[in-house]
Amino acid sequence: TIADHAHYAGGRTHRPDPLKVPESTDAVGGGHAHSGLAIYNGDNFPEAYRGMLIFGNLHGHRLVSDQVAPEGSGFAGRHGNDFLRSNDATFIPVSQRVGPDGALYVSDWSDVQVCHNNTQEIWDRSNGRLYRISYGNPANRSADLARIRDDELAEIALGDTNEYFVRQARKVLAERNLSRQAPMADSARTKLRDVLTGSPDPLRRLRALWVLQSTNLLDDSLLAAALKDADASMRGWAVRLIAQQRTAGVPALAELAKTEGSAQVRRELASALSYLPLAQRAAIAEPLLAREEDAKDHNIPLLLWYGIEPLVGADAARGLALAAVCRHPQTTDFIYRRLAGDAGARAEVLALALREPDTARRATLVGRVVEGVRQAGSFAAPAGWPALVAGLRQGAAPDLLANLNELDALAGDEASR
């Protein structure tokens with residue numbers, strides 16, 4: 001998890017009195033069960049609330065908040081102040097939404113039971129409450145977007161201060177254009193393309209990209225330009241869309257992987273691998289695996305592994321080549337573990353262990369082979385096994401010797417049994 005909320009009850013027993021919320025859970029932020037999530041991106045609350053994550057805390061009978069900040073290739077959540085506290089222990093906020101007026105809407109399950117009870121008869125299904133939380137007097141912005149012209153909808157989708165209307169305008173434009181009954185007006189299309197390629201505001205450029213993509217008006221040339229955008233979010237979304245929808249741009253992803261300076265974009269490149277044919281993955285994966293600065297990132301090493309695992313399994317030689325350039329210890333270890341599960345690749349892993357000057361690393365490689373052999377239940381000694389195992393025994397620590405004895409015994413050496 002990226003959050004710092006405690007996900008446990010701290011040994012406290014929750015016995016809520018319906019008339020009073022106990023304070024015993026405050027030390028762990030109200031308890032451990034969270035429900036729903038709204039990112040406040042409306043225009044009614046003060047600016048300090050914009051971007052705040054607001055979600056329910058069931059045992060604490062409250063709404064809590066988080067702020068997220070970039071960290072590595074992703075984000076980290078920081079526990080904020082309680083957004084709302086109730087003095088009613090039947091208040092169980094299960095979902096939160098930002099409305100068209102910028103207010104926050106909260107659904108309350110409203111029950112003396114909180115959770116962890118499978119006795120269906122005791123749950124009160126006869127009631128529930130909805131709350132509207134606003135600041136001052138929100139403006140009534142009700143409008144039928146389906147009646148608005150494309151030019152106006154495009155501007156709403158690009159720049160409205162309430163994300164609710166940004167998304168709804170984008171949805172209406174997509175429905176119109178994809179229906180083939182009312183393709184987007186040329187003036188609106190030109191406006192979106194001009195914003196994408198020339199606006200100084202990265203958020204407007206990103207929103208233009210989303211509208212063009214959702215209306216199926218994005219082409220390879222626009223995506224190629226987006227890959228060179230100064231904003232990392234733009235480049236990251238271009239990577240995602242190329243991998244998932246417009247694969248003509250895949251060769252450019254391999255070039256970007258060699259030079260990309262943003263961990264956020266490198267995360268998107270790593271994630272893109274799983275969408276691509278195996279033949280196209282290594283060219284993108286190799287430069288990413290060689291980035292030592294990502295070795296301890298909480299996303300990239302695992303995303304790379306998910307993307308290359310089928311490739312390693314299908315081509316042992318390619319797997320060894322990827323391991324040779326990899327500067328992420330965890331991913332390197334996964335590669336060798338996968339190779340060791342393949343009878344044909346074990347000899348290459350053992351030969352690599354023999355050449356490995358680091359004794360700990362040598363022991364790890366042999367250990368991975370032993371794990372693979374145990375899972376397979378058999379071991380056929382490769383060609384040149386006596387000389388190979390004799391070399392590995394030289395200066396070997398007890399753990400390595402034990403693993404070599406196990407392999408020797410499975411290979412038929414009675415003295416090792």
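View A. The axes of H12 (residues 329–340) and H14 (residues 359–376) come within 7 Å and cross at roughly 40 degrees. Angles under 35 degrees count as roughly parallel, over 145 as roughly antiparallel, 65 to 115 as roughly perpendicular, and the rest as oblique. Axes are lines fitted to C-alpha atoms, for helices over the stretch in contact, with angles from 0 to 180 degrees between N-to-C directions. The model is predicted: local features need pLDDT of at least 70 and side-chain atom pairs pLDDT 80 or more, while totals for chains, interfaces and linings use all residues. Residues are numbered from 1 along each chain as its sequence is written, and side-chain values use heavy atoms, without hydrogens and water. Helices (H or I, at least four residues) are DSSP runs numbered from the N terminus.

**View B. Residues at the crossing of H12 and H14.** On the H12 side are Thr332, Asp333, Tyr336, Arg337 and Ala340, which meet Arg361, Thr364, Leu365, Arg368, Val369, Glu371 and Gly372 of H14; contact means heavy atoms within 4.5 Å. By class this contact has four nonpolar, three polar and five charged residues. Ala, Val, Leu, Ile, Met, Phe, Trp, Tyr, Cys and Pro count as nonpolar, Asp, Glu, Lys and Arg as charged, and the others, Gly among them, as polar.

**View C. Helix H11 against H12.** The axes of H11 (residues 316–325) and H12 come within 9 Å and cross at roughly 160 degrees, so the two helices are roughly antiparallel. Ala316, Gly319, Leu320, Leu322 and Ala323 of H11 make the contact with Thr332, Ile335, Tyr336 and Leu339 of H12. Seven nonpolar, two polar and no charged residues take part.

**View D. Helix H10 against H12.** H10 (residues 300–314) packs on H12 at about 25 degrees, with the axes 10 Å apart, which makes the pair roughly parallel. From H10, Pro301, Leu302, Trp305, Ile308, Glu309, Val312 and Gly313 meet Gln330, Thr331, Phe334, Ile335, Arg338 and Leu339 of H12. The contact divides into eight nonpolar, three polar and two charged residues.

View E. Arg180, with a positive phi near 70 degrees, follows H2.
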